Amino acid sequence: MSHRHLHLPPERRLVVPSRPLDRRSFLGLGAAGAAALTLAACGGPSTSSDDADAADDATADDFSRVTPASEITFWSVHPGNSREADEELIRRFEEANPDISVTLVTAGADYEEVAQRFQTALQGDDRPDVIMLSDVWWFKYFLNGTITPLDALLEAEEVELDDFHDTLIGDYQYDGRQWGMPYARSTPLFYYNKEHWADAGLPDRGPETWDEMDEWAEALEANLSGQQKVFHHVKGASYVAWIFQSIIWAFGGRYSDDDFTITLDSDEAIAAGEYVRSQVNELGYAGVTPDDNIIDLSSGGISSTIGSTGSLSGLLEGSSFEVGAAFLPEKEQFGCPTGGAGLSIPSGLEPERQLAAMRFIKFVTEPEQTAYYSESVGYMPVRKSAVGMMEEAFEREPQRRVALEQLEHTSPQDAARVYIPDGDQILGRGLERIMLQNEPADQAFEVVANELTTSYEENVEPVIG
């Protein structure tokens, strides 16, 4: 294997620029930091040489004489109940590439389980060739040197990046390299039961603001009974932090500044926390799902919720009523993050396996395939040219177009959630205390801020020196 050292810029400060395509180049390391973050990532075929550095520079990215492996393994969590779609894409790939077979492995129930299994696999020879990784996991893999840069492979397979949606492809770019490819990508959407809306005499649209949602809640509540609620927040240490990010942004706050300074003590952040606490504990029209907010909505147990675009197909198929989909509500401004998962190639693989893996990634992200995946599951098509292939689906189910329209207004996620190790879980635990235990937001956020700072100081600061 050819060991490639990551050459990073000389600055020693963590910075996340605001432009999505460049925001991955936030990690600047000095000499000590670069030495600490030397990646044993195979960038391509290796050759024998007495001078390892010279070998790296001369031959690491040459795939011209490599024949793809005949077998590869794809680890997936099947987000949005997408196993059938994964299987169909594999069938199509093997039909188009009869010399390569793909074994699909359900690697875990969630991305944390996949990460644990992947860490174990790295100690032996059972590592996958293609691994699905979420927005909050890919950078941890990068820091650990367990995924490989894809640039030479993209060039070898003649993958044109210009056709990918800029925000989505940019989410995996760092230090001038590509570390993953978008696959099951999403934004949160506001979903609502159109029958409940009509019964309450409301216009057939989502609330434009959270203030309007509060006003509409009374009319909606008048037609509900038993345990029904107007709105459900999600639970879970990761998902709730993703959804709440749109709310804290709408209030003008953030989890952190671009330099990782935690900003949960701002008036805007505390106001957002107090708002969701009030929805659940004072206004009372909102609850926190005991199970799954999408199931709650499709079963008629609630009137509305915020959920991933990846839930759209299942929601449309599983509901006995017409489902509405809308932009997220505003407060002082609009806020919406991207999310979902991409595909990467682990480090340490033979060149033949790398090339076969990239051929598979290229295929499943091609316009026709991403259009199929989007129609089947609900995730956004990751290619611009795929949008035109979905006009019939958009006309049949116009809810599918909303995510693409909202994509133009999304922003990169706050560093505290996606880059500080366990940041999403730390935030999620605090948010659950606010909603479920009625803990004042300033108190909960003080604990969260301390935990985030500790994680940063223990896990990130030693790397950057």
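This is a predicted model: local features need pLDDT of at least 70, side-chain atom pairs count only at pLDDT 80 or more; totals for chains, interfaces and linings use all residues.
Of the 465 residues in the chain, 59% are buried. When contacts between residues at least 6 apart in sequence are considered, 74% of them join residues that are at least 24 apart.

The largest nonpolar core contains 141 residues, and within this core Phe74 and Leu264 touch the most other members. Because residues are contributed both by domain 1 (71-186 + 339-407) and by domain 2 (188-336 + 420-463), the core lies between the two domains. The surroundings of Leu264 can be listed in detail: with residues up to four places away in sequence left out, Leu264 touches Ile248, Arg254, Tyr255, Ala269 and Ile270, together with Leu427, Phe445, Val448, Ala449 and Leu452.

Charged side chains were examined next. The model contains 24 salt bridges, among them one between arginine 91 and glutamate 95, with an N to O distance of 3.0 Å. Arginine 91 is partly exposed, with a relative accessibility of 42%, whereas glutamate 95, at 57%, is exposed. A second salt bridge joins aspartate 163 to arginine 383, and here the closest N and O atoms are 2.8 Å apart. This pair links distant parts of the chain, the two residues being 220 residues apart: aspartate 163 is found in the loop between helix H6 (151-156) and helix H7 (166-170), and arginine 383 in the loop between helix H15 (367-377) and helix H16 (391-396). Both aspartate 163 and arginine 383 are buried. In a further salt bridge, aspartate 204 is paired with lysine 194, with 3.1 Å between the closest N and O atoms. Lysine 194 belongs to helix H8 (194-199) and aspartate 204 to the loop between H8 and helix H9 (210-221), so this pair ties together parts that are ten residues apart in sequence.

The largest pocket holds about 1,400 Å³ of space. Its lining is formed by 47 residues, and those that lie nearest the centre of the pocket are Pro79, Gly80, Tyr111, Tyr239 and Tyr379. Two or more lining residues are given by each of H3, helix H4 (111-121), helix H10 (239-250), helix H12 (293-298), helix H13 (312-318), strand S14 (339-344), H15 and helix H19 (423-436). Among these elements, H13 provides the largest share of the lining, with four residues.

Helix H17 (residues 399-407) is mostly covered, with seven of its nine residues buried. The buried residues of H17 are Gln399, Arg400, Val402, Ala403, Leu404, Gln406 and Leu407. The elements that cover these buried residues include the helices H7, H13, H15 and H16, as well as strand S9 (188-193) and strand S13 (323-326).

Strand S9 also contains proline 188, which counts as buried at 0% relative accessibility. The C-alpha atom of proline 188 is separated by 6.8 Å from that of isoleucine 243, although the two residues are 55 residues apart along the chain. With neighbours within four places in sequence set aside, the residues in contact with proline 188 are Trp242, Ile243, Ile306, Gly307, Ser308, Leu328, Cys336, Pro337 and Gln406. Gln406 in this list is one of the buried residues of H17.

In accessibility, histidine 78 is buried, with a relative value of 10%, whereas asparagine 81 is exposed, with a relative accessible area of 77%.

Note on methods
Residues are numbered from 1 along each chain as its sequence is written. Side-chain values use heavy atoms; hydrogens and water are left out. A nonpolar core is a set of buried Ala, Val, Leu, Ile, Met, Phe, Trp, Tyr and Cys residues joined through side-chain atoms within 4.5 Å. Buried means under 20% relative accessible area, exposed over 50%, partly exposed in between (1.4 Å probe, protein chains only). Domain bounds come from an automatic or database domain assignment. Contact means heavy atoms within 4.5 Å. A salt bridge is a side-chain nitrogen of Lys or Arg within 4 Å of a carboxyl oxygen of Asp or Glu. On a 1 Å grid over the protein atoms alone, a cavity is a set of points where a 1.4 Å probe fits but cannot get out, and a pocket is an open set with protein on both sides within 12 Å along at least five of seven lines; lining residues have an atom within 4 Å of a point. Grid points are joined across faces, edges and corners, and a volume is the space filled by probe spheres set on the points.
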